[in-house]
Amino acid sequence: MDPIIISPELPRNDVVLLRNLADDIERCQQNPGSAKSSGRVATKHDSAPGRKVVNGTVGRDDSSSRDERDLASMKALNDPASQDFEPTVFVSVDLQDLSSRLHPVVYRHILLPYVKWAQGIARHPRYVPTHMRDVVMVTHLILYFTTSVPSAIWLYYHFTYLHGIIHFVMQFYYLGTYTLMMHQHIHGGGVLRKHPLIHLFDVAFPYITDPLMGHTWNTYYYHHVKHHHVEGNGPDDLSSTIRYQRDNVWHFLHYVGRFYFLIWLDLPLYFLRKDRPTFALKAAFWELFNYATLLTLFRLNCRPTFFVFLLPLMLLRAGLMVGNWGQHALVDADEPDSDYRSSITLIDVPSNRYCFNDGYHTSHHLNPRRHWREHPVHFLANKETYSSEHALVFHNIDYLEITIRLLLHHYEHLARCMVPIGERQIKMTIEQRAAMLQRCTRRFSEDEIREKFGPAAKAKPAVK
């Protein structure tokens, strides 16, 4: 198989995990009788970020002790009691790297005091160690309120097309990280501590920044938390992929178009079908109120409204569905109701470095409230389960490219991006993996849906 390439931009825990999985592959290839066989243990030198994992025996060690060692290393990065722990301050660079990049005066007297101050503001969730605080959330809130908000206000005060274009490009750059920050917000009940004034800001700021980033008020919460994670890509999920041929362009356009133009109606009707009238009323109110607000602003001052609110909305609506298609396009025909077999795991830079480990989508579906820094740890701790469940893992590719490659039928490229786990996947040739992935894109008939998901699955018109 092609070598596993470890990007120098990957987060530290991703490097440890990817190195561990690459070692599993080599062990299995050297001893075909067992995926757990002894083999090379990657050294600090030959597994450094940016290097290809190559064949060659460097040392012998038991795989279980190696897993324990790697797991301890990953946990230490998240443990405030460990000397290896550091808070996340920026998405683009680790704090430890800044000590050598910044002037000592800037590092000691500006950055470190900022980190200490921000730790007193950022939320420390109950389900992670007490002092693991997301300083990065404070960093990004400062960024958005010192760039996006003033820029939008100035466009309404003094509009120019050049400023409008620059503003939209800036928002385009922010959209992914902001959306995944809000993903943490809606699942964790906020990103800041519960001090009364700070909590008030935590509750209020999305009503200012969400529309600037293409979100309508509260729709992300009702659609994602109260609907998608309840249904889990099942038959009643409005964003389910199972009724679509997931490498067909026309099916993809139908999928995106339905959400794009009808979510304002579909989501309230879904809640009514589920006997949740309060959610239906709230979802309809916030979506329609947002549209009414945008229409009013457009009639009052159309040019800044187009660049500040409408362009981000049009972009994000498409982006959310393109991403969800990539997350749930590969569905196992035998167990489509399994989180392991209806979603995937990506170990890549855009998803995990810049978007709070969004690549660990299977882990997120298994526990939507799992803290984003815990996803790689969970994966390694449960590697055998992922393997026995035949979960799909990829590297060096993001959800957008997965969607594009599927629609172009580039299955061999997808197969080369796979990180095979378990003896069954490791022994497959590239051609066999490509064929397996293609089988996972086949749409389900209504009879299959009733059989796989049980009597609760109600028949709906199939996509033509």
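This report describes the fold, helix packing, nonpolar cores and selected residues of a predicted model.

## Basis of the model

Residues are numbered from 1 along each chain as its sequence is written, and side-chain values use heavy atoms, with hydrogens and water left out. Because the model is predicted, local features need pLDDT of at least 70 and side-chain atom pairs count only at pLDDT 80 or more, whereas totals for chains, interfaces and linings use all residues.

## Overall fold

The protein chain holds 23 helices and two strands, where helices (H or I, at least four residues) and strands (E, at least two) are DSSP runs numbered from the N terminus. Of its 464 residues, 54% count as buried, a term that means under 20% relative accessible area, with exposed over 50% and partly exposed in between (1.4 Å probe, protein chains only). Among contacts in the protein chain with a separation of 6 or more, 67% are accounted for by residues 24 or more positions apart; contact here means heavy atoms within 4.5 Å.

Helix α1, residues 12-30, reaches 27 Å from its first C-alpha to its last, close to the 27 Å expected for its 19 residues, the expected span being 1.5 Å times one less than the number of residues. This helix is mostly covered, with 15 of its 19 residues buried.

## Packing of α7 and α13

Helix α7 (residues 161-188) and helix α13 (residues 302-328) pack at an angle of about 30°, and their axes are 10 Å apart. Axes are lines fitted to C-alpha atoms, for helices over the stretch in contact, and angles run from 0 to 180 degrees between N-to-C directions. The contact involves, among others, Y161, F168, F172 and L175 of α7 and F307, L311, L315 and L320 of α13. The residues of this contact divide into twelve nonpolar, three polar and one charged, where Ala, Val, Leu, Ile, Met, Phe, Trp, Tyr, Cys and Pro count as nonpolar, Asp, Glu, Lys and Arg as charged, and the others, Gly among them, as polar.

## Nonpolar cores

A nonpolar core is a set of buried Ala, Val, Leu, Ile, Met, Phe, Trp, Tyr and Cys residues joined through side-chain atoms within 4.5 Å. In the largest such core, of 40 residues, those that touch the most other members are F271, L330, I344, L392, F394, I402 and L437. Elements that each supply at least two residues of this core include α13, β1 (344-347) and β2 (392-395), while the largest share, eight residues, comes from α11.

Apart from neighbours within four places in sequence, F271 is in contact with Y222, K226, H227, R276, P277, F279, A280 and A283. A second, separate core of 36 residues includes V91, Y174, Y178 and F356.

## Selected residues

T177 belongs to helix α7 and is buried, with a relative accessible area of 9%. Not counting residues up to four places away in sequence, T177 touches V91, H140, Y144, Y354, C355 and F356. T177 and P350 are 173 residues apart in sequence, yet their C-alpha atoms are 9.4 Å apart in space.

Most residues other than glycine have a negative phi. N233, in the loop between α10 (219-231) and α11, has a positive phi near 65° and is buried, at a relative accessible area of 0%. H409, in the loop between α19 and α20, likewise has a positive phi, of about 60°, but H409 counts as partly exposed at 43% relative accessibility.
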